[in-house]
Amino acid sequence: MAAIEILGLEKTYSVGFWRKRPKRALHPLHLAIEDGEIFGFLGPNGAGKTTTLKMLMGLVFPSGGGARILGMDLDDPRMKAQIGFLPEQPYFYDYLTARELLTYYGQLSGVDSRQLPRKVDSTLERVGLRDATDVQLRKFSKGMLQRAGIAQAILHDPKVVFLDEPMSGLDPMGRREVRSLIEQLKAEGKTVFFSTHILSDAEALCDRVAVINLGQLRGVGAVAELTSGVRGKVEIVWQGTSVPAAIKSLGAETHVAGDTTRAIISEQHQDAAIEAVRRETLRLISVTPVRVSLEDYFMAQLKPSPEEVVAR
Amino acid sequence: MKRTQRIAAAASATLVFSLAASTLLLWRIDQIRSTATLDEALYVTSPKLLKRLSLGYDGLLADIYWTRVVQYYGAMHRDGGGEYKLLWPLLNLTAQLDPKLTRTYEFGGTFLSSKPPMGAGLPDRAVELVEYGIRENPDNWHLYYDLGFIHYDQKNYSAAADAFLRGSELPNAHPVLKMLAARMAEHGGDIETARMMWTTTYEDSSDKDIRENALLHLRALKVDQDVTALEHLAEVYKQKFKVFPLSFRDMVVAGLLKGIPVDPTGHEYKLEPGGKVIVSNPDDLPFIVKGLPPGYVPSDILKSKPAK
Amino acid sequence: MSSRIWHIASNTFREAVRDRVLYNLIAFALLMSGAAVLVGQISIGIERLVVINLGLTAISLFGLVIAIFIGIGLVSKEIDKRTLYTVLSRPVRRWEFIAGKFFGLSGTLVVNTFFMAIGVFIALLYVSHHLTHADAGVLVALYFIILQFVILTALALLFSSFSSPLLSAVFAFSLFVIGSFAEDLRGFARLSHGIARWLATGAAYLVPNFSALNVVSQVAHQVSVSRQLIAYNTAYAVLYTLAVLSATALIFERRNLK
């Protein structure tokens, strides 16, 4: 069963004071996220990621279309008891301590009061905030706030977890911890839907991703699938420090190391480049394809080319 | 999203119901508290303190108290009059809050000094109020008129003349003040003086209640004149026919009258034995001194209403 | 459902306390002690009058400031700081959130007023050395003041749900002033004609009837308040507050939280 079904969800805002002009934040979006997968929602800032998430959380009302989470309506309280949400750059009641904050959220989520204290402590431990249990949130660093945010999202053991830019503001250590936490969540059978503009994180974690730009879906699929369709690059290494003119004219990246030169050119120019090296009678050492990164795919999607939306 | 629709419907229904119910309650509460805002005037032990507490908005507060004065007088007047016990405290507060509000003194001059049921019957307070007004507004000739009027009404003709004289010395004073000052001295009690006074009041005031009051006085003067004239004619009849006329018809036949005489309210005068003339409806003609039926007592005093 | 409202209410109360709101009690205590001592020394014959007038007026004004200053931020602050997002993504209904905030702030004001009332009675004992039967009137006046706070809180909450804190404060304060002269406003309406009369009458009945809830000078002069009035005022306050909260819920239910 699809954990999250987005059925034509769209949002148009009216902007301007007198003559209201419509501004389309999200074109009708169709997506299905499967149970137990880690799904990445990628796009630059202002692409419509947060708008989509807010609509799913019931904070903003769609202009059209709908969605279901765990088969239930977006305003169903039974559904809300089974999801967790971490908003972007979260801020919490800073006069509360970490324990008080989680206790409050637990009460609102309907966690049984007898189990609540234990759950609060174990969640704080899990996100690495055990030492700050009784510290007021006003004294938390950005990284600590992010952890507190994750804590409140998972405290009540939800089936689906929504994270908006979970790595933002974290140092590399913090990011690694969050990544491993997300992997743990998947191991527990939870579905994780997170939005980000840091592609390396998505690449490392996600089973599938969707790319969105200017309110429109540009592509959906498994990371491997998506990157396979994109023209890649090859790396050519030869003996010598001179660069053939033909290669230079391709505008390729070149590095000289010792007495070898490496050049990275796009796949389509591979043959021409090899030919150029031989003509200069330079000794070809290796020709290796460079792995296509998600970034290449991403940048390709963001070019305003008339591409069809790849639907599943 | 049926759930949100149900909540919206419930909220709208609650809103409409509770708003309607609270409005009905307001109406009831207003009834219970009908004199509450007016009684507040009695609790203000220090008008000066109230003025300071109003933090510079004393003008607005004075306006609010002034509306209370008008409403208080209007309501009591409609109910047939009384002692207007709260009139002095209310007027005093209004004057202290905004001494430049001259209608206060005009109103007080007329209705504080008039006797119940037309006013509060406190001429000394009326004088006190208007003299305060004169101290605060020394260039206003109309206040001297109001002061003189109170004295005139109390038959202190010399004090009235004095007030009119002082007022007439102001640069923009109405010429009538000089005239009245002169008349007061010699002919204070004359009907002609009274007619001049009330006509001036009627023409110069823009207050509805004051003008109505002046009109009633002018009518009373007319009645007094009529009755005097008619009784004189009855004497003439007696001289001629050795007996008093039995009815006005007799006097018409005798050529002394052209028709049955009618008072300013449109009702016929009545001729009593002994050549006395009375009015048919004394309740509609307050202030008359002549033409009252013998043993007449104003009916609202008879009703013994609780004095307010 | 009710437990969620209770939790939100107690969290709002906790926030107010930790925001050092209750420190205003210190200022109040100083004011009352100063006044009591001063008045006791001068012996002007109206000590009780002054203490009651001053005490009750101070309670009203302090409470008014608290109700407005905290009330206007109740919703807007949560939206600005986005603390609301994590609350509403839980099984909390929007109207439950409003109800919780309302009870939380009202509760804070009741507690605050309670302590202030003790202060007034202590001052009263100090200047007149005994309490008379008529002083029960002070309790009625206090009760009415609390009813005023309840209405004000609901109004501040209403404005907070759709407008900025500054405008909310202006609206709430204006309604307090106009409502304090509501009876006069109805009097004005009765004296006017035509369209003005309709508009004035409409406004005069919609505006909160704070004037009937202000019996301070009456009580200071030991004039008792009728039981009928107590009953009707209570019913009015409950219904009016219910109306305002319903309007707030309606607005808030449909609001897009950007």
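Predicted model: local features only at pLDDT ≥ 70, side-chain atom pairs only at ≥ 80, totals over all residues.
Chain C makes contacts with both chain B and chain A. Towards chain B, 30 residues of chain C meet 26 residues of chain B. On the chain C side of this contact, two or more residues come from each of helix 9 (182-191), helix 11 (216-220) and helix 12 (227-253). The greatest contribution is that of helix 12 of chain C, which provides 15 residues. By residue class, the side of chain C that touches chain B consists of 17 nonpolar, nine polar and four charged residues.

The contact between chain C and chain A involves 19 residues from chain C and 23 residues from chain A. Here, helix 1 (2-18) and helix 5 (83-88) of chain C each contribute at least two residues to the side of chain C that touches chain A. The residues on that side of chain C comprise six nonpolar, six polar and seven charged.

Chain B, for its part, is divided into two domains, with domain 1 covering residues 36-213 and domain 2 covering residues 225-302. A distance of 35 Å separates the C-alpha centres of domain 1 of chain B and domain 2 of chain B.

Key:
Residues numbered from 1 in each chain as written. Chains lettered and ligands numbered in written order. Contact = placed C-beta atoms within 7 Å. Helix = DSSP H or I, 4+ residues; strand = E, 2+ residues; numbered from the N terminus. Nonpolar A, V, L, I, M, F, W, Y, C, P; charged D, E, K, R; others polar. Domains from an automatic or database assignment.
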